[in-house]
Amino acid sequence: MHTPASRLSRLHARFFSTGRCRGYLTALAFLAVTFGVIPARPDGTAEPRGLAPIRAYISSGWDTLTRSMNECGTVVDTKLAATSVMYLPADFREPASLTALQKQCKFEVKHLPAVIHHPGEVDANALNPPGLLYLENKYVVPGGRFNEMYGWDSYFIIRGLVRDGRIDLARGMVENFFFEIEHYGNVLNANRSYYLSRSQPPFLTSMILSVYDSQKDAGHEDKNSLARAYAFAVRDHDMWTQEPHLAGSTGLSRYFDRGDGPSPESVKDETGHYRDVAAFFLRHPELDDHDLVRKDAGKTDPQTFGAQYSVRVCDSGRDASPKIAQAGERADCETAEEIALSADFYKGDRSMRESGYDISFRFGPYGAGTQNYAPVCLNSLLYKTEKDLQRMSEALGHNDEASRWAHLAEERKANINKYLWNEKAGMFFDYNFVKQQQSTYAYVTVFYPLWAGLATPAQAKAVMKNLSIFEQPGGLVMSPYETGGQWDFPYAWAPNQLLSDEGMRRYGFNADADRVAYKFLSTVAENFRRDGTIREKYNAVTRSSETAVTAGYHVNIVGFGWTNGAFLNLLHDLPKPMAERLAREQDTTPPPVAAKAAPSPVN
């Protein structure tokens, strides 16, 4: 972790070869629909019938994935043996609908212990048991196992809802984020009590303008709503540009979780994850940058959190197999020491989850150094936020404010170029402001500056020369490093496919955008023909939904909100001949047998 850039590059080559259940939603839940009118393309022609099944799946999926605080299926967590809890803001009157709902299903309503004015004012760890945080409007969740509305997932879901004409649902989700800012302090990772300590990548202005522009195009421009949205967007921006989210003296921002200790969702869903992390650092002490705490057996260190692990010395030989060792205590073993993960490691782990990219080795092994980096993705998003706020100010006639936002955006762009741009490599890299070193970890977020419009034409051209680092048969992989994490090689994720595609098109690289988009679209469609589902992520090398994640969360969830939204928008931007070819493939080409993904354990 926090290793010098050149050394980390060598470690990549040495250790990594390139190369979110309440059950899955079943295919029947989505396919039991009546195929309706196929939406028209921009030129007025109907889309080919070959895409009708997947379009129908997505259309019905919006309803299947919709949750409401007025429904037992949302407020009662059947995965828990204890009574489910719904938390309300401290100063918020219990809605009559919740009072009535408690007569239908078993759950408890509690108020938060204090009014929240700013993030971090309530200790999320003290809320026991954890539970959902109340939201006023319906929302779409990522996949079938979720009942909470996620932060950055919702941008791509809203893009899909807008493309499918579901404006009321999209607008309600944006309003939910305003509710979060007003009552919970900021846009949350998701509306669960243990997420009160962190946010997620700032797409709020992009969500606001997606809905606003669609209404404006339909002749329903609402300046009053825009003015209200603007005020909340300013508050969201301010959260990212104040401590503790400042990246040192760089003028840039960082991801940072205000909580301490193990991430509750990891303890719940990622069995054995932290043990695996501790074992990794034992095997690779040269990568341990104060992430592992060694202690005398039986003694407690108040500076550590989470579980403690025993390091045992055993006699070798035929009897010393892993299976025997796991069966219980052995007479021929002695405990040599006890170890635990440090408070700093857990801060990095939590901050990585605010980034949305959990788990990747981009910010060091298992993301343990996340809080020490000014990331390309976050600062590109904040640049776009500032440009969006400039545009909103201009639309509202606030010219002085518009000038201020323009100035802030230019300042951020200058700092991005100073710290994150590498002229020699022709790429944007994250910057470790603690060590004052630029990372060398190639990551697909290199396309964020193109999507945000901050790259110069020359920078965009240089980035495109590195496209081959990421391009695979099934689209763009997250990185060329096979770490076992789901946000590294060989996985392709819909959000980054859409952002990268739109970034390429913004700078005129349409042929490349068409080709890469087609690879991902055809991968999604091919797997849909095989099993009737759309998934959270795909293996870009094997073009399959078969995954073999070994670091952190292992499941490939069915749904899936942001994949649905990205599919619709990528398809919309595809030239008509390529869309017709994709449709013909659905009718004439049998899906190949899925290739099994081999596990890639982190050694």
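Which residue lies over the face of Trp-405, and at what distance from the ring centre?

**View 1. Arg-404 and the ring of Trp-405.** In this predicted model, where local features need pLDDT of at least 70, side-chain atom pairs count only at pLDDT 80 or more, and totals for chains, interfaces and linings use all residues, the residue over the face of Trp-405 is Arg-404, at 4.4 Å from the ring centre. A charge is taken to sit over a ring if NZ of Lys or CZ of Arg is within 6 Å of the ring centre and within 35 degrees of the ring normal. Residues are numbered from 1 along each chain as its sequence is written, and side-chain values use heavy atoms, with hydrogens and water left out.

**View 2. The aromatic pair of Tyr-150 and Tyr-195.** The chain holds 42 aromatic pairs, counted where rings of Phe, Tyr and Trp (its six-membered ring) have centres within 6.5 Å, with planes under 30 degrees apart called stacked, over 60 edge-to-face and the rest tilted. The ring centres of Tyr-150 and Tyr-195 are 6.2 Å apart and their planes stand at 65°, so this pair is edge-to-face. The pair links distant parts of the chain, 45 residues apart, with Tyr-150 in the loop between β5 (139-140) and α6 (151-163) and Tyr-195 in the loop between α7 (167-184) and α8 (204-217); helices (H or I, at least four residues) and strands (E, at least two) are DSSP runs, numbered from the N terminus. Tyr-150 counts as buried at 5% relative accessibility, and Tyr-195 counts as buried at 3%, where buried means under 20% relative accessible area, exposed over 50% and partly exposed in between (1.4 Å probe, protein chains only).

**View 3. Phe-281 and Phe-345 as an edge-to-face pair.** Here the distance is 6.5 Å centre to centre, with 75° between the planes. Phe-281 lies in helix α11 (residues 273-283) and Phe-345 in helix α13 (residues 343-355), so the pair ties together parts that are 64 residues apart in sequence. Both Phe-281 and Phe-345 are buried.

**View 4. Helix α18 (residues 494-506).** Helix α18 is mostly covered, with 12 of its 13 residues buried, including Ala-494, Leu-498, Asp-501 and Arg-505. Gly-508, whose phi is positive, near 90°, follows α18.

How values were computed: The expected span of a helix is 1.5 Å times one less than its number of residues.
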